[in-house]
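Thanks for asking me to look this one over. Could you keep the model open while you read my notes?

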Amino acid sequence: MDVVDLSRIQFAANVTFHILFPSITIALAWFLLFFKVRYTQTGNYKWMNIYFFWTKVFALCFALGVVSGITMSFQFGTNWPGFMNTVGNIAGPLLGYEVLTAFFLEASFLGIMLFGFRKVKPWLHTFSTFLVAFGTTLSAFWILVLNSWMHTPAGFEMINGEAYVTSWMEVIFNPSMPYRLTHKLLASGLTASFLIAGISAYRYLKGYKTETVKTAIKVSTIVAALLIPIQIFIGDLHGLNSYEHQPQKVAAIEGNWQTQKGIPLILFALPDEETRSNKFEIGIPKLSSLIITHDLNGEVKGLNEFKGEHPPVAPIFWSFRIMIATGLMMLLVSWLGCYYLFRKKEAPSLFYKILVLMSFSGWIATIAGWYVTEIGRQPYLVQGVLKTADAVTTVPSAYIAISLTIYLLVYILLIIAFATTLFYMARKSKDKEFDPNEFDPTTGQRRSISTVNIPLKQL
């Protein structure tokens with residue numbers, strides 16, 4: 001492989017690993033705030049049991065996200081010097097804003113959220129949880145501003161091969177930013193929902209049939225069931241925005257080669273770029289035109305309109321269908337869960353096993369969707385401004401191959417360690433019981449908390 005392909009694979013590996021953890025923490029922080037507020041409102045200890053368990057998971061994900069994010073940022077200099085040389089006047093400040101606002105906010109109050117429950121006033125602990133949640137969302141905002149700008153650049157001018165800002169408002173609120181940000185926040189909500197439901201179902205199957213576990217499953221299932229239809233609606237709007245600004249990406253998603261009217265929605269095909277056609281195609285007539293143009297006979301541009309300027313077709317075509325299939329499975333499972341939990345009051349053990357299998361389904365959908373987004377921008381790094389091949393390093397490809405191998409080995413070990421630790425915590429974590437008169441009226445501090453040492457078989 002040449003240096004361009006190796007650098008792209010290496011950055012893809014880093015981004016794939018990194019995005020796993022923010023996709024959890026962005027929404028998980030808001031779940032934690034909800035659990036804490038519910039405890040404050042009700043005084044029921046089950047909410048703090050849920051809170052304490054998932055703060056451990058949040059801390060683990062936060063640590064891995066920070067470390068992998070730092071590693072990823074190094075590659076701007078090592079593998080993609082042309083990127084910062086060309087658009088550094090825009091990318092640099094946006095990344096700086098993310099650190100100065102979001103990361104500092106999260107880092108400053110994370111310690112209070114994790115360790116301050118017995119040490120600070122109740123309102124301050126709750127407020128710290130809110131600030132951490134707000135910080136994770138603010139971090140996502142700045143990162144997605146930059147990413148969206150790379151897809152739909154606006155508010156700049158090129159002078160001697162460098163991008164200079166003419167309007168920060170246009171840079172930040174570029175055409176695709178609102179759709180991309182909303183889509184990502186909802187994806188994080190679904191990722192966290194299924195992780196909570198799956199790990200809680202695992203605890204349930206292991207004998208922890210407590211109110212704590214049942215409540216965690218119910219809350220996360222309800223949230224997932226509510227978010228899925230919204231995500232489908234936002235995804236449709238995002239697709240229409242992409243067709244307006246990146247029609248070649250949508251053509252690759254649809255596997256549509258010829259500009260024509262009334263194109264089918266292709267359910268299955270093997271795209272062949274050599275013959276510029278699809279093999280073994282199965283589709284629903286005219287449905288794709290209806291989705292894209294809201295007209296059964298609407299005309300849709302094909303890939304042949306963008307020869308040499310469109311992304312590789314097969315990776316996008318299949319990634320999109322993996323994302324959709326996973327999303328539909330989430331819809332089915334979450335709605336089935338609501339049926340069992342509200343109509344039947346209890347779910348069969350098979351349903352809990354399905355939830356366990358779906359624990360990381362949000363990761364699958366997120367990664368597949370991210371590949372659609374990022375591969376779909378090719379051959380550009382910044383759409384219409386900077387091509388990927390023009391930004392790559394001149395470092396020999398052998399060096400990149402060595403570092404790529406090391407990255408992959410480390411990431412595989414870390415993923416195994418993360419999953420193993422998560423399920424170990426689920427097996428070993430015990431609920432805690434809280435004194436109803438928990439707050440000392442004279443000091444405003446919390447009284448001590450005793451651990452319930454109930455044998456697992458009795459739960």
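Here are a few points, taken region by region.

1. A word on the basis: this is a predicted model, where local features need pLDDT of at least 70, side-chain atom pairs count only at pLDDT 80 or more, and totals for chains, interfaces and linings use all residues. Residues are numbered from 1 along each chain as its sequence is written, and side-chain values use heavy atoms, with hydrogens and water left out.

2. Let's begin with the hairpin. β1 (residues 156-159) and β2 (residues 162-165) pair in the antiparallel sense over four bridges (strands are DSSP E runs of at least two residues, helices H or I runs of at least four, numbered from the N terminus; pairing takes at least two DSSP bridges). Ile159 stands opposite Glu162 in β2. Two residues separate the strands, and Asn160 in the turn has a positive phi of about 55 degrees.

3. Next, Ala13 sits in helix α1 (residues 3-20). Ala13 is buried, at a relative accessible area of 15% (buried is under 20%, exposed over 50%, partly exposed in between, with a 1.4 Å probe and protein chains only). Its C-alpha is separated by 9.3 Å from that of Met72, 59 residues apart along the chain.

4. Helix α4 (residues 81-115) holds Thr101, which counts as partly exposed at 32% relative accessibility. The C-alpha atoms of Thr101 and Trp142 are separated by 9.4 Å, with the two residues 41 apart along the chain.

5. Finally, Lys430 is found in the loop between α15 (397-428) and β9 (432-433). Lys430 is partly exposed, with a relative accessible area of 40%.
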